[in-house]
Each structure stands twice: as C-alpha cells, then as structure tokens.
Amino acid sequence: MTDYVIEVRNFNAYYGEKLAVKDANLKVQKNKITAIMGPSGCGKSTLLRSMNRINDLIPEFKVQGEILFHDKNIYDPEVDVYTLRRRIGMVFQKPTPFPMSIFENIAYGLRLIGVTDRRELKEKVRTALEMAALWDEVKDDLEKSALKLSGGQQQRLCIARTIAIEPEVILFDEPTSALDPVATQKIEALIEELAEKFTIVIVTHNIGQASRISDYVVFMYRGEIIEQNETSKLLTNPQNEITQQFLSGKIG
Ligand SMILES: Nc1ncnc2c1ncn2[C@@H]1O[C@H](COP(=O)(O)OP(=O)(O)OP(=O)(O)O)[C@@H](O)[C@H]1O
C-alpha cells in the first residue's frame with residue numbers, strides 16, 4: 001500500500017509572468033528519499049521550495065493548484081506558515097550556520113518552540129548532533145563558534161538544527177554542491193540514515209547521488225515533470241527521450 005505525506009496536484013509556480021513549474025503532479029512517499037533531478041533552471045528548487053512555502057518570501061512569487069500535506073492544502077489561507085515550516089524543514093545548498101556557538105545554533109530553534117529547561121535543552125542538542133553524525137567531532141567544543149567548523153561540519157550542523165525541532169519532512173536543496181567528496185559522502189550516508197525517521201526530498205544535479213541514495217526520482221525539464229519512477233527503473237530504463245538524453249549527458 002502506498003503511504004505518502006505530500007501530494008502535489010496540478011501545481012503551477014510563477015515568478016511574475018514567468019512560469020517556473022508547470023502542472024506538476026507528484027506524491028512524496030513516507031520515509032523514502034525522493035530526488036528531484038534535471039538540468040539547470042528546470043524548476044527543481046522552485047518545486048522543492050514550494051513544499052514548505054519558503055518562496056512566499058519572494059514578492060512576485062505566485063502559485064496555482066495544490067500541495068497537500070497529510071491531505072490538507074498548505075496554500076489554504078488559514079495554514080500557519082511557521083507551523084508548516086516546523087513540520088517541513090529545509091537544508092540549503094550553502095551551509096548557513098548562525099554566527100553563534102555550536103550549542104546555540106541548535107538551542108536557538110528549540111527555545112523558539114518552547115524548550116527552556118537547561119537539562120532538556122542539553123539533551124536535545126546532544127541527540128540532534130548525534131543523529132547528524134557530528135557529536136563526536138564537536139562534543140568538547142560546544143561553545144566554539146559554528147563559523148569555525150569546516151564546510152561539511154557546518155552542513156551537518158545545519159542538518160542537526162533542522163532535526164532538533166523534529167520535523168516530519170526534510171527538504172534538501174543540493175546540500176552537497178558546495179562540499180568536497182569526503183564531506184559529500186558523509187552527508188549522503190547521513191541522509192540515507194535519516195530516511196528511517198524522516199521523509200526526504202532532495203534536489204540534485206548529480207545522477208550518481210540520486211542513484212546512490214534515492215528511492216524515487218522525479219525528472220524535470222523546462223518546468224515540467226517529464227518522468228518519475230523508482231530510482232533503479234528510471235535510471236536504467238528511462239521511458240522518455242529527454243530523460244535518456246539527460247542521463248547520457250547530452251543535455252544538462
Ligand atoms: N527569484 C526568482 N525570480 C525570478 N525568476 C526566478 C527566481 N528564481 C528562479 N527563477 C527562474 O525560474 C526558473 C526555475 O528556477 P529554479 O531555481 O527552480 O531551477 P533549478 O532547476 O533549481 O535550477 P538550478 O539547478 O540551476 O538551481 C529559472 O528559469 C529561473 O531563472
């Protein structure tokens with residue numbers, strides 16, 4: 001039986017007059033990793049960023065259609081966007097730690113959701129760092145500035161920050177594109193582990209990355225979802241000619 005948490009239905013997204021995502025339809029399966037793939041500018045990030053309404057911050061951004069989270073349209077006027085973003089968290093392309101200590105980077109969000117007891121705060125910070133596979137590297141340096149961490153460590157800290165407030169879904173927007181191969185490998189391993197607890201959608205340019213970690217691939221081209229399938233099927237036996245061209249490096 002299929003078990004999905006997000007359903008994108010007849011969804012269009014515009015920047016002013018420009019149609020960036022066209023009539024998208026997609027179901028995001030629970031506790032699976034769904035990769036959104038396609039050439040530069042095809043609308044991957046726009047589709048991803050629409051899933052927790054982070055693009056609402058762009059004044060000329062407009063949508064039509066629906067994105068259902070547990071069968072409720074997230075674009076309904078009564079939806080509280082802050083609660084939505086708490087349940088559907090996001091990790092960006094460039095690590096974006098706050099200019100504060102490692103501990104505070106995580107404690108900050110926890111306090112915002114009402115965790116004030118010092119002991120509870122410490123436990124939750126530790127759990128988040130452990131889940132993000134960063135605890136062992138930073139446990140003696142929790143008061144150090146997060147900006148002193150390496151790029152890969154900063155990205156794991158951002159993941160820890162997202163996990164700490166216990167979302168259901170984590171959206172990753174090309175989370176390894178600014179990282180070296182070793183840091184990339186660690187983040188990939190981490191994302192795979194996180195899928196046991198969270199539902200994951202990841203935008204990636206990288207066919208190898210999609211093949212290594214994702215369960216499903218959604219292939220986009222010029223704003224449209226051209227093809228979607230289980231990763232092994234889509235990558236080895238693409239049905240659409242444009243997907244075939246992308247996979248063989250002819251476009252992209
Ligand atoms: N803030 C914006 N204002 C206007 N147009 C935008 C904005 N952001 C993206 N676009 C346009 O919308 C289209 C889709 O962009 P989007 O960033 O979603 O694509 P992408 O597939 O994620 O690209 P990339 O892989 O290069 O990040 C592109 O034509 C882009 O130029």
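Author: We'll take a few features in turn, general idea before the case at hand. Keep in mind that this is a predicted model.

Reader: Fine. What does the record say about residues 6-247?

Author: UniProt, in an unreviewed entry, lists them as "domain: ABC transporter". In the model, that stretch is 38% helix and 27% strand, with its end C-alpha atoms 27 Å apart.

Reader: Next, the inside. How many residues does the largest nonpolar core have?

Author: General idea: in soluble globular proteins, nonpolar side chains tend to be buried together. Here the largest such core has 46 residues, and those with the most contacts inside it are Ile106, Leu129, Ile159, Phe172 and Leu194. Take Phe172: leaving out residues up to four places away in sequence, Phe172 touches Leu48, Val91, Ile159, Ile191, Leu194, Ile200, Val201, Ile202 and Val203. There's also a second, separate core of 31 residues, which includes Ile36, Phe61, Tyr75 and Met220.

Reader: How do I read a helix, say α4? Which of its residues are buried?

Author: An α-helix has 3.6 residues a turn, so residues three or four places apart point the same way. In α4, the buried ones are Leu121, Val125, Ala128 and Leu129. Looking down the axis of α4, they fall within an arc of 95°, so they line one face of the helix. Their cover includes α3, α5 and α6.

Reader: And what span should α4 have?

Author: Count 1.5 Å a residue: the 14 residues of α4 (118-131) should span 20 Å, and the end C-alpha atoms are 20 Å apart, which agrees. After α4 comes Ala133, with a positive phi near 55°.

Reader: Now Tyr75. Is Tyr75 buried or exposed?

Author: The cut-off for buried is under 20% relative accessible area. Tyr75, in the loop between β5 and α2, has 16%, so Tyr75 counts as buried. The side chain of Tyr75 reaches the backbone oxygen of Ser50 at 2.9 Å. Beyond close sequence neighbours (up to four places away), Tyr75 touches Phe11, Ser50, Arg53, Asp56, Phe61, Val63 and Ile67.

Terms used
Residues numbered from 1 in each chain as written. Predicted model: local features only at pLDDT ≥ 70, side-chain atom pairs only at ≥ 80, totals over all residues. Heavy atoms only, no water. Core = buried A, V, L, I, M, F, W, Y, C linked by side-chain atoms within 4.5 Å. Buried < 20%, exposed > 50% of the residue type's maximum accessible area, 1.4 Å probe, protein only. Contact = heavy atoms within 4.5 Å. Helix = DSSP H or I, 4+ residues; strand = E, 2+ residues; numbered from the N terminus. Expected span 1.5 Å × (residues − 1). Arc of directions from axis to C-beta. UniProt positions renumbered as here; feature names shortened; annotations may be inferred. Polar contact = N/O pair within 3.5 Å; in protein donor to acceptor, adjacent residues only side chain to side chain.
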